[in-house]
Amino acid sequence: MQAIEKIILGNSLAIKEMKKLIEMVCASATTVLIQGETGTGKELVAEALHVASGRKGSNISVNCAAIPSELLESELFGHEKGSFTGAFSQRIGRFEQAENGSLFLDEIGDMPLDVQARLLRVLQEGEFYRVGGTKLIKTNVRIISATNKNLAQMVKGKLFREDLLHRINVIKIDLPPLRERSEDIETLIKYFLNQFSKEYKISLKNLDSNVLNILKDYSWPGNVRQLQNICKYLTIMSSGNNILVDDLPKEIFEASEKLTINSSWQDTFKSYLRSEYKKGSVDITKITDADYEECLIKFAMEMCNGKKIEAAKLLGWGRNTIANKIKNIT
């Protein structure tokens, strides 16, 4: 579990449940399908699965969307010299490189159908031929796949093989978008700021509380990857040791202003309640009632220059009531 904690940061309810699932399945050889929006950290989950598994081989990654379709087969399975134009020597593919380890197939939804057919055979038979080869190669590799696409819909559109989907989807791990785990944002920011401070040999920057609130309220369409890039930007571009609102990139600042203009206090309150629910809070009214009364009292006392009797009248309370409630405010 310690290995998983080091790789995957955060203590939100969704992340805690995901870590437990990784711990349960890491030691098995079964296939895992990781689903989530772009930038949610699917490659980190694959890394955590491999490291926690204790498998002795390497953890090899292949981005199926980044490799031309005509080259992907050779990338995965290797090829023999002279098997096609440009094959001037034998090449060992990713399957052989990952022997006794893990092979992470990122963006598997972009894999061509003919390569899907070859992958299916490997999963069924545990063996394959290099492109242009005649020697059957046995393989002991755990397949971890990832996608941000709806593979079930792709099956209906005949863009993805249904039998392959069943093979890679024995265990499914869903990654929550960052907007649904806002309680982890502060932890991630501190980690990234510390990381970039060391990388660029710049003194560690501190976040102004207003900046932190803005970043927590931002929707993060690019998820953790976008947050990481923003932290890199702030480390390099903020002039002082304290990161202020004026240091934020234009798109973050403008989104914050738009949110402030368009949101009512009820919307803000609902967001707060959703955040508490995701944390696993129970009996939320105890928290909200206490915070609500504290805000009322502080407002009334400020408006009445600290005069309890006038503040009590403003709130429609008795003098003893406000006096007792003030005692409970820490």
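This is a predicted model: local features need pLDDT of at least 70, side-chain atom pairs count only at pLDDT 80 or more; totals for chains, interfaces and linings use all residues.
Trainee: What is the handedness of the crossing of H9 and H11, left-handed or right-handed?

Mentor: For H9 and H11, the crossing is right-handed.

Trainee: How many nonpolar residues does the contact of H9 with H11 have?

Mentor: H9 contributes Ile185, Leu188, Ile189, Phe192, Leu193, Gln195, Phe196 and Ser197. H11 contributes Val224, Leu227, Gln228, Cys231, Lys232 and Thr235. By class, the contact has 1 charged residue and 4 polar ones, and the number of nonpolar residues is 9.

Trainee: Is Thr235 of helix H11 buried or exposed?

Mentor: Thr235 lies in H11 and is among the residues that make the contact with H9. Beyond its neighbours within four places in sequence, Thr235 touches Leu193, Phe196, Ser197, Ile202 and Lys205. Buried means under 20% relative accessible area. Thr235 has a value of 1%, so Thr235 is buried.

Trainee: What distance separates the C-alpha atoms of Thr235 and Leu151?

Mentor: Thr235 and Leu151 are 84 residues apart along the chain. The separation of their C-alpha atoms is 38 Å.

Trainee: Is Arg181 buried or exposed?

Mentor: Arg181 is placed in the loop between strand E7, residues 171–174, and H9. Leaving aside neighbours within four places in sequence, its contacts are Leu9, Gly10, Ser12, Ile15, Pro176, Leu188 and Val224. Among these contacts, Leu188 and Val224 also take part in the meeting of H9 with H11. At 5% relative accessibility, Arg181 counts as buried.

Trainee: How are the rings of Phe77 and Phe95 arranged as a pair?

Mentor: A pair of aromatic rings is described by the distance of the centres and the angle of the planes. The structure holds 6 aromatic pairs. For Phe77 and Phe95, the centres are 5.4 Å apart and the planes stand at 10°, so the pair is stacked.

Trainee: Which parts hold Phe77 and Phe95, and how many residues apart are they in sequence?

Mentor: At 0% relative accessibility, Phe77 counts as buried, and Phe95, at 1%, likewise counts as buried. Phe77 lies in helix H4, residues 69–77, and Phe95 in helix H5, residues 94–97. The pair therefore ties together parts whose separation in sequence is 18 residues.

Trainee: How are helix H14 and helix H15 oriented to each other?

Mentor: The axes of H14, residues 284–303, and H15, residues 308–315, come within 8 Å and cross at roughly 125°. Their crossing is right-handed. Angles over 145 degrees count as roughly antiparallel, and 65 to 115 as roughly perpendicular. With an angle of roughly 125°, H14 and H15 are therefore oblique.

Trainee: How many charged residues does the contact of H14 with H15 have?

Mentor: From H14, the residues are Leu296, Ile297, Phe299, Ala300, Met301 and Met303. These meet Lys308, Ala311, Leu314 and Leu315 in H15. The contact has 9 nonpolar residues and no polar ones, and the number of charged residues is 1.

Trainee: What is the phi of Asn100?

Mentor: Asn100 lies in the loop between H5 and strand E3, residues 102–106. With a relative accessible area of 37%, Asn100 is partly exposed. Although Asn100 is not a glycine, its phi is positive, at about 65°.

Trainee: Is Lys158 buried or exposed?

Mentor: Lys158 is in the loop between helix H7, residues 151–156, and helix H8, residues 162–168. Its phi is positive, near 60°, in a residue other than glycine. At 69% relative accessibility, Lys158 counts as exposed.

How values were computed
Residues are numbered from 1 along each chain as its sequence is written. Side-chain values use heavy atoms; hydrogens and water are left out. A crossing is left-handed if the near helix is turned anticlockwise from the far one by less than a right angle, and right-handed if clockwise. Helices (H or I, at least four residues) and strands (E, at least two) are DSSP runs, numbered from the N terminus. Contact means heavy atoms within 4.5 Å. Ala, Val, Leu, Ile, Met, Phe, Trp, Tyr, Cys and Pro count as nonpolar, Asp, Glu, Lys and Arg as charged, and the others, Gly among them, as polar. Buried means under 20% relative accessible area, exposed over 50%, partly exposed in between (1.4 Å probe, protein chains only). Rings of Phe, Tyr and Trp (its six-membered ring) pair if their centres lie within 6.5 Å; planes under 30 degrees apart count as stacked, over 60 as edge-to-face and the rest as tilted. Axes are lines fitted to C-alpha atoms, for helices over the stretch in contact, and angles run from 0 to 180 degrees between N-to-C directions. Angles under 35 degrees count as roughly parallel, over 145 as roughly antiparallel, 65 to 115 as roughly perpendicular and the rest as oblique.
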